[in-house]
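Here is a short report for a reader who is new to this structure. Look through the sequence and the 3D view, then read on.

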Amino acid sequence: MLERQSHGRVPEAPHTQLRAVDGRLLYEHCITRQGFDGPYTIAYHERRPHEALPAADAPVTLPPANVSPERLLRRHYASPRSALDLEPFPRHRGRLLENADVALSLAMPTRSDPFYFANADGDELYFIHSGSGVLRTLLGDLSYRAGDYVYVPRSLLHRFVLDAASAQHWLVIELRQPLDIPRAYRNSVGQLRLDAPYSHRDFRGPTLPAPRDEGLRDFWLKTQGSLQKYLLPASPLDVIGWDGSLYPFTLSIDAFKPKVGKVHLPPPAHATFEAKGVLICSFVPRPLDFHEQAVPCPYPHSSVDVDEVLFYSRGGFTSRRGVGPGSISHHPRGLPHGPHPGAYEASVGSKHTDEVAVMLDVTLPLTRSALAESLEDVGYHGSFVASAGSHSTG
Ligand SMILES: [Fe+2]
């Protein structure tokens, strides 16, 4: 997906001998995407990486996101104030919206993962609304902080180590098909173009420490919506080197360099990542449109082939009343959406926006979970009617 990186010791050629100082043969581990046709990384282990055995614990089945049938409405969910509602064992996740291509969850963990984890169901992209810590992976450690996107490739063994003093609040985007950066941002050799909204320097890969043993042997694997536990015979953090183009990374949303138009630009101008059926956009502070007659506020629109989800992180959200940091809105296809009453008119003459938000356009209709239903601001749909008065949630 990104430029090749190389860490630690690797042999001159793949699939040739690499030996430890005492002469032992080390174990090559090829991690490949799209069969053997996509990006890959080759790691070298002290021990055989394929010896985990099933634990006696019963699998944990995650609740489906399928509240239905229900009326099509524009909906708004406020993040909960604490993690209490978001902790299906053993992970701290609360799934809100889902279709066959993507699942959106909130996470507000209060402890570091006391186990290793891998998601066989897809890539994970986190948006760190608040919190900091370290993503510890088979391929090394990656620090994260508020404003970061954190990418964890499918099936990569990892765990989150939280900064103790830091309240964590994450949006979790789980993708069934590989995440990539938009093809239009690459030149003919795959390099990011000079007019892309970020450069290779903005992506931070892991650092690889020496092999170590944290004393953890539990390994949870997510597959087909259930969590299954395995036991590792030894520490999995035994990689002494790797190289390749498939690895976890962070990208700060503050590194995203937005485009500014003479008149209002549609969301794909802010495209950041994509996967089959999913476009992820970053809305960041920027000057607004510079046509002397411009209406900077987003126009009412019917984007009839997608559902739109917005996660609001910081700044002022001029086109919406009632949303605040941590809010999630879901505007389904089939119903036009647009600014709240008065916002369209009030935007004339605005020169700057300081909003920070993550937007997803998804191709397949989203269904929602009982958790989402419990978090719903039920007055939201009606709040777009000018005669309905002020929106109730402030
Ligand atoms: Fe929209």
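Arg-74 lies over the face of Phe-384, at 4.7 Å from the ring centre. A charge counts as sitting over a ring if NZ of Lys or CZ of Arg is within 6 Å of the ring centre and within 35 degrees of the ring normal.

This is a predicted model: local features need pLDDT of at least 70, side-chain atom pairs count only at pLDDT 80 or more, and totals for chains, interfaces and linings use all residues. Residues are numbered from 1 along each chain as its sequence is written, and side-chain values use heavy atoms, with hydrogens and water left out.

## The iron site

Which residues coordinate the iron ion? They are His-301 (NE2), Glu-308 (OE) and His-337 (NE2), at 1.9 to 2.1 Å. Donors are N, O and S atoms within 2.8 Å of the metal (3.2 Å for Na, K and Ca); water is not among the atoms, so sites may look incomplete. Along the sequence, the donor residues of the iron ion follow the spacing H-x6-E-x28-H. Glu-308 belongs to strand 24 (residues 307-314), while His-337 sits in the loop between strand 25 (328-331) and helix 1 (343-346), so the pair ties together parts that are 29 residues apart in sequence. Helices (H or I, at least four residues) and strands (E, at least two) are DSSP runs, numbered from the N terminus.

Glu-308 and His-337 are both buried. Buried means under 20% relative accessible area, exposed over 50%, and partly exposed in between (1.4 Å probe, protein chains only).

## Core and rings

The largest nonpolar core has 85 residues. Such a core is a set of buried Ala, Val, Leu, Ile, Met, Phe, Trp, Tyr and Cys residues joined through side-chain atoms within 4.5 Å. Those with the most contacts inside it are Tyr-149, Ile-173, Phe-203, Phe-273, Ile-280, Val-358 and Leu-360. Strand 27 (residues 356-362) gives the largest share of this core, 6 residues.

How many aromatic pairs does a search of the whole structure find? The search finds 17. Rings of Phe, Tyr and Trp (its six-membered ring) pair if their centres lie within 6.5 Å; planes under 30 degrees apart count as stacked, over 60 as edge-to-face and the rest as tilted. Two pairs are set out here.

| Ring pair | Centre distance | Plane angle | Type |
|---|---|---|---|
| Phe-127 and Phe-311 | 6.1 Å | 70° | edge-to-face |
| Tyr-185 and Tyr-198 | 5.7 Å | 85° | edge-to-face |

The pair of Tyr-185 and Tyr-198 lies within one stretch: each is in the loop between strand 15 (169-175) and strand 16 (203-204), and the two are 13 residues apart in sequence. Both Tyr-185 and Tyr-198 are buried.

Phe-127 and Phe-311 link distant parts of the chain. Phe-127 is in strand 10 (residues 123-130) and Phe-311 in strand 24, 184 residues apart. Phe-127 counts as buried at 0% relative accessibility. Phe-311 is also buried, at 1%.

Ring pairs also build a cluster. Its members are Phe-127, Tyr-149, Tyr-151, Tyr-185, Tyr-198, Phe-203, Phe-249, Phe-256, Phe-273 and Phe-311.

## Paired strands

Strand 11 (residues 133-137) and strand 12 (residues 140-144) form a hairpin with 2 residues between them. They pair in the antiparallel sense over 5 bridges. Two strands pair if DSSP finds at least two bridges between them. Arg-136 has Asp-141 as its bridge partner in strand 12, and Leu-135 has Leu-142.

Strand 11 also runs antiparallel to strand 14 (residues 158-162), joined by 5 bridges. There, Val-134 has Val-161 as its bridge partner.

Strand 11 is mostly covered, with 4 of its 5 residues buried.

## Cysteines and a loop tyrosine

Cys-281 is buried at 0% relative accessibility, and Cys-297 is buried at 4%.

Tyr-247 lies in the loop between strand 19 (239-244) and strand 20 (249-252). Its relative accessible area is 5%, so Tyr-247 is buried. From C-alpha to C-alpha, Tyr-247 and Arg-71 are 41 Å apart in space, and they are 176 residues apart in sequence.
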